[in-house]
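I opened my notebook to look at how this fold packs together. Here is what I looked up, entry by entry.

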Amino acid sequence: MKAIVQRVTKASITVGEEQISSIGRGLCVLLGISVVDTQKDVDYMVRKILNLRLFEDESGRAWSSSVMDRELEVLCVSQFTLQCILKGNKPDFHSAMPAELAQPFYNNMLEQLREAYKPELIKDGQFGAKMQVLIQNDGPVTIHLESPAGPTDPKLLSKQEKQQQRKEKTRSKGPSESSREKAALRSKADPSVSSGAEGDVSSERES
């Protein structure tokens, strides 16, 4: 699971011509759910979002207080595009959880945020809708979060990522050891397979 967490002075979401959600000072969280995410990823993200020390304390000391410490608001926005894998210049979204599974998963995370904090201070957008998201970043302060069990775990890499890695490794390698060994065996089996320089020397000796 991936999240972009921004400290904001205000943020709002509009669908069509209607503003459906807004917050004052707090955090705006763009959340991308992957096909491999589980409850452990939810637990990690909820804990991090609510406990990140992105605010000053009462004495003005920076990076000392969380959104909960200051009793500020959180606006969550589901954003599957965070799970894109680029194929050249074209984004591919097969790593994102399908909408029919992602919606209850996302709603469950919202409920956990509300249970862990004050429910009236957790806001969200409209899942699957085309939204206009207005974010007034404060700082600017932007934090990228990724759950440890997310797609970056080698065991859980998507098929596309694995294929891309194999392609890159193939390009970066020179001739393999087995190829060099085969070439050497062919040279031994056929004495005529030799470098031009060696051929010249042999000719000179024979003459």
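**Core and helix packing**

I began with Val5: leaving aside neighbours within four places in sequence, Val5 is in contact (heavy atoms within 4.5 Å) with Leu27, Cys28, Val29, Leu52, Leu54, Val141, Thr142, Ile143 and Leu145. A note to myself: this is a predicted model, where local features need pLDDT of at least 70 and side-chain atom pairs pLDDT 80 or more, while totals for chains, interfaces and linings use all residues. Residues are numbered from 1 along each chain as its sequence is written, and side-chain values use heavy atoms, without hydrogens or water.

Of its 32 residues, Val5, Leu27, Val29, Met45, Ile49 and Met109 touch the most other members. I also found a second, separate core of 10 residues, including Ala11, Ile13, Leu30 and Val77.

Is Arg7 buried or exposed? Arg7 counts as buried, because its relative accessibility is 12%. Among its contacts beyond four places in sequence are Trp63, Gln136 and Asp138.

Last, I looked up the helices (DSSP H or I runs, at least four residues). Residues of H1 that meet H2 include Val42, Met45 and Ile49, and H2 brings, among others, Phe105, Met109 and Leu113. By class, I noted nine nonpolar, three polar and one charged residues in this contact (Asp, Glu, Lys and Arg count as charged; Ala, Val, Leu, Ile, Met, Phe, Trp, Tyr, Cys and Pro as nonpolar; the others, Gly among them, as polar).

Terms used: Helices (H or I, at least four residues) and strands (E, at least two) are DSSP runs, numbered from the N terminus. A nonpolar core is a set of buried Ala, Val, Leu, Ile, Met, Phe, Trp, Tyr and Cys residues joined through side-chain atoms within 4.5 Å. Buried means under 20% relative accessible area, exposed over 50%, partly exposed in between (1.4 Å probe, protein chains only).
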